[in-house]
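Please follow this reading with the sequence and the coordinates side by side. It begins with a single side chain, widens to the whole chain, and then returns to particular places.

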Amino acid sequence: MAYRTLFSIFFLFAFGGAFAQVNDDFSDGDFTTNPTWSGDDTLFEVLNGELHLNDPNTPVAGEAALSTPSQALANGTWEFNVRLDANPTGANFVEVYLAADQSDLTSTTLNGYFVRIGNTTDEVSLYEVGNGSNTEIIDGRDDVVDVGNPELRVRVTRDAAGIWTLETDTSAALNNYISEGSVSDVSHLTSTFFGVYTRYTSTRRDWFYFDGL
């Protein structure tokens, strides 16, 4: 069965009354400018207007990540769509780094926050990363993406006081958010990068696609 992930990125942020918007739909056929994504460049390509994971290293499992500069954190809102042609597993999942202090999302000294879609309980959860150690701070509902072809919209907000809220929308029209939980966490107060990370088995090394709004 083909396994494809279509991923839409749309993140908003406001600081001191100023408002900015960053988005990328990869329609320019390039992920190196407007905005600039960097990381495992040789493992990704833009294919038919989509960011495509295409790891040529067979037959081993792997991981791949790209990041782009972003200072969004305080008073931040991040929204993105994810669609998969099969449900994720503990060895095949996506992480969306809302905030990170380094461009290398696999660094053992990384600090920040990410949303994990999938894992052994097929959930959508929020994690805090401190010096490379992951801590789940919002434990999403089990089995949210435990369907054959999951499609969902995710929204995360963080207010000025450090209250995080995670919501998911799996309705057909993608217009009905359901809360996965809220938490207060001020472990990190600044961000330098936003990014995407994939972990995959050898048979799924080229079955991930990402697209922007």
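With which side chain does the side chain of Glu123 make a polar contact? In this predicted model, the partner is Thr121, and the two side chains are 3.0 Å apart in that polar contact. Glu123 itself belongs to strand S10, which covers residues 123–130.

The charge of this residue deserves a careful look. Glu123 is buried and yet has no salt bridge, the nearest side chain of opposite charge being that of Arg116 at 7.2 Å.

Seen as a whole, the protein has 16 strands and zero helices. Among the contacts between residues at least 6 apart in sequence, 63% join residues that are at least 24 apart.

Strand S8, residues 93–100, gives a view of the covered part of the protein, since eight of its eight residues are buried. On one hand, S8 pairs with strand S15 (residues 193–200) in the antiparallel sense over six bridges, and in this pairing Val94 stands opposite Thr198. On the other hand, S8 also pairs with strand S9 (residues 112–118), again in the antiparallel sense and over six bridges, with Val96 standing opposite Val115. As background for reading such pairings, side chains in a regular strand alternate between the two faces of the sheet.

Asp30 is found in the loop between strand S2 (18–23) and strand S3 (38–39). Is this residue buried or partly exposed? Asp30 counts as partly exposed because its relative accessibility is 24%, and the range for that class lies between under 20% for buried and over 50% for exposed. The side chain of Asp30 makes a polar contact with the side chain of Thr32 at 2.5 Å. Further along the chain, Leu51 is 21 residues away from Asp30, and the C-alpha atoms of the two are separated by 8.6 Å.

Methods. Residues numbered from 1 in each chain as written. Predicted model: local features only at pLDDT ≥ 70, side-chain atom pairs only at ≥ 80, totals over all residues. Heavy atoms only, no water. Helix = DSSP H or I, 4+ residues; strand = E, 2+ residues; numbered from the N terminus. Buried < 20%, exposed > 50% of the residue type's maximum accessible area, 1.4 Å probe, protein only. Lys, Arg positive; Asp, Glu negative; His and termini not counted. Salt bridge = Lys/Arg side-chain N within 4 Å of Asp/Glu carboxyl O. Polar contact = N/O pair within 3.5 Å; in protein donor to acceptor, adjacent residues only side chain to side chain. Contact = heavy atoms within 4.5 Å. Pairing = 2+ DSSP bridges.
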